[in-house]
Every structure is written in C-alpha cells, then in structure tokens.
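The sequence and structure come first, and the description follows.

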Amino acid sequence: MQGVVGSPGWIAFGDNGGGDRIAVDLTPGPRGHLGQIIMLSHEQSIGAYLLADFLTDLVVKRREDLDPDLRSDETPVVARVNRASLPSIQAAAHPELEVLSIGVLEGDPLSLAPVNGLPRLRTLTAYPGTLADPLEIAKLTGLEFLELGPQEWRVLLDAGAVPRSLSAAAIEVHGNRHPLPIVDIANELLALWDRPPITRSTLQGDIGPVA
C-alpha cells in the first residue's frame with residue numbers, strides 16, 4: 001500500500017465495527033496490485049493494512065482477522081517507539097522503514113544512530129524531550145516530513161541543521177505555551193524556503209472593568 005494520508009483510489013465499502021474502514025485499493029504501492037483489499041485504521045495517520053488479495057478472497061475465506069493490530073506479517077514500513085509499542089529505535093530499524101514515530105517513553109532520551117542511512121526513511125515525529133541529540137536529525141538526509149518540539153527545532157535552527165529535503169514540518173506543543181515564540185520558530189522555518197511568514201494582528205481596545 002502507499003504510505004500516504006489518503007488516496008482517491010481507496011474506495012471504502014465496509015468497516016470492522018470499530019471505526020476502521022475496509023476498502024478496495026485502486027492505487028496500490030509498487031509491491032501491491034490493483035484491487036487488493038485494505039484496512040484504513042482510524043488510529044493511524046498514514047497508510048493502510050493488507051487484508052486480502054481480492055474481494056473474492058476476503059469473502060470466500062471469511063477472514064476474521066480484521067484488527068490490524070493483530071497482524072504479524074506486515075512489512076515494517078511504519079514504526080512507533082513508545083512505552084506501549086516498540087521499546088527502542090534499534091527495534092524499529094529496518095531497511096523498509098519509512099515512518100518513525102517516537103512517543104512518550106520510560107527512561108532516557110534516545111539516539112537516532114540506529115536509523116542513520118536507512119534508504120527509505122522519510123518521516124520522523126518525536127515527542128518533545130525524547131531525542132538525546134536533535135542534531136542527529138541532520139544525518140537523516142531523506143526526510144520529507146519532520147515533527148518536533150519547540151526546543152528541538154530551536155537546536156536545529158541555531159545550528160543551521162534543518163534538513164533541506166523537507167517538504168513539510170510541524171511543531172509539537174504540549175502544555176500552556178505562549179504562542180508567539182512558537183510563531184517565531186514557524187516563521188524561521190518558513191524563511192528557509194522563502195515562504196511568507198505567519199501574519200500577526202494586534203488588537204487594541206478597552207474591554208471594560210475587570211470583574
């Protein structure tokens with residue numbers, strides 16, 4: 001399957017009763033085939049899971065393993081490292097890996113060294129505070145999307161180490177943070193690609209006496 005957010009060739013025709021859609025795939029990935037049956041999980045942000053080669057195969061075999069979390073034969077294209085999934089980046093490292101998501105951890109921040117040089121890695125998301133050295137991101141030369149916390153972005157920006165291969169970026173913010181420093185970081189990122197900055201509007205007025 002294509003590792004994308006969505007595709008006009010994913011034609012949904014059913015669900016598993018838990019919010020996941022079953023679809024015919026008319027835009028398969030390079031190793032798939034037209035008409036394969038896939039599952040679109042409501043808990044995943046990209047990609048899909050293969051259920052059957054064709055609709056007939058799904059119906060005839062009356063497959064009951066419609067929960068993608070129960071499948072063990074999927075190519076490890078997407079890996080999640082957190083306290084509920086994979087325990088380490090070493091466990092996620094695989095030549096097929098395209099998307100690495102680092103969530104809430106138990107223990108020390110992690111090094112990205114195990115995924116250096118992976119040929120297909122194009123997306124990295126990391127919960128704030130989970131990276132031992134954000135500058136290791138500069139060694140991931142094929143990244144297209146990167147999501148980090150404000151402090152991690154600050155390290156990359158100050159070092160001039162933001163990957164220029166990026167097509168999109170996001171700033172992960174948790175807790176009560178003043179928005180203007182976040183806007184400053186976003187504008188610095190936009191400036192690297194000569195994009196217009198986020199517009200600021202200042203409102204002035206009298207809201208009356210404080211109750």
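The side chains of R122 and E98 form a salt bridge, with N and O 3.0 Å apart; the term denotes a side-chain nitrogen of Lys or Arg within 4 Å of a carboxyl oxygen of Asp or Glu. This pair joins distant parts of the chain, since R122 belongs to the loop between β6 and β7 and E98 to the loop between α2 and β6, 24 residues apart. E98 is buried, because its relative accessible area is 9%. Here, buried means under 20% relative accessible area, exposed means over 50%, and partly exposed lies in between (1.4 Å probe, protein chains only).

The model is predicted: local features need pLDDT of at least 70, side-chain atom pairs count only at pLDDT 80 or more, and totals for chains, interfaces and linings use all residues. Residues are numbered from 1 along each chain as its sequence is written, and side-chain values use heavy atoms, with hydrogens and water left out.

**Salt bridges**

Across the whole structure, a search finds 7 salt bridges. Side chains of opposite charge can pair when their charged atoms come close. Three of these pairs are set out below.

| Pair | N to O distance |
|---|---|
| R122 and E98 | 3.0 Å |
| R120 and E96 | 3.7 Å |
| D184 and R200 | 2.2 Å, closest atoms |

R120 and E96 meet through their side chains at 3.7 Å, N to O. R120 is located in the loop between β6 (99-102) and β7 (123-126), and E96 in the loop between α2 (89-92) and β6, so this pair ties together parts that are 24 residues apart in sequence. With a relative accessible area of 35%, R120 is partly exposed. A network of salt bridges links R31, E96, E98, R120 and R122.

D184 pairs with R200 in another salt bridge, where the closest N and O atoms are 2.2 Å apart. Because D184 lies in helix α4 and R200 in the segment after α4, the pair ties together parts that are 16 residues apart in sequence. D184 is partly exposed at 36% relative accessible area, and R200 is also partly exposed, at 44% relative accessibility.

**Helix α4 and its surroundings**

Helix α4 comprises 14 residues, 179-192, and reaches 20 Å from its first C-alpha to its last. That span is close to the 20 Å expected at 1.5 Å a residue, the expected value being 1.5 Å times one less than the number of residues. Helices (H or I, at least four residues) and strands (E, at least two) are DSSP runs, numbered from the N terminus. Within α4, the residues I182, V183, I185, A186, N187 and L189 are buried. An α-helix has 3.6 residues a turn, so residues three or four places apart point the same way. The buried residues of α4 pack against α3 (150-159) and β9 (168-171). After α4 comes D194, which has a positive phi, near 55°.

The loop between α3 and β9 contains A161. A161 is buried, with a relative accessible area of 14%. Apart from its neighbours within four places in sequence, A161 is in contact (heavy atoms within 4.5 Å) with L135, A138 and L156. Y127 and A161 are 34 residues apart in sequence and, C-alpha to C-alpha, 19 Å apart in space.

**The protein as a whole**

The secondary structure amounts to 4 helices and 9 strands. Along the sequence, their pattern is β-β-β-β-α-β-α-β-β-β-α-β-α. The C-alpha trace spans about 70 × 45 × 35 Å along its principal axes. The protein has 211 residues, of which 36% count as buried. Among contacts with a separation of 6 or more, 31% come from residues 24 or more positions apart.

**Confidence**

The mean pLDDT is 86, and 91% of the residues reach 70 or more; pLDDT is the predictor's confidence in each residue, from 0 to 100. Confidence is lowest in helix α1 (residues 55-61), with a mean of 79, and highest in α3, at 97. Over residues 67-74 the pLDDT is below 50, and this stretch has 12 contacts in the model beyond near neighbours in sequence.
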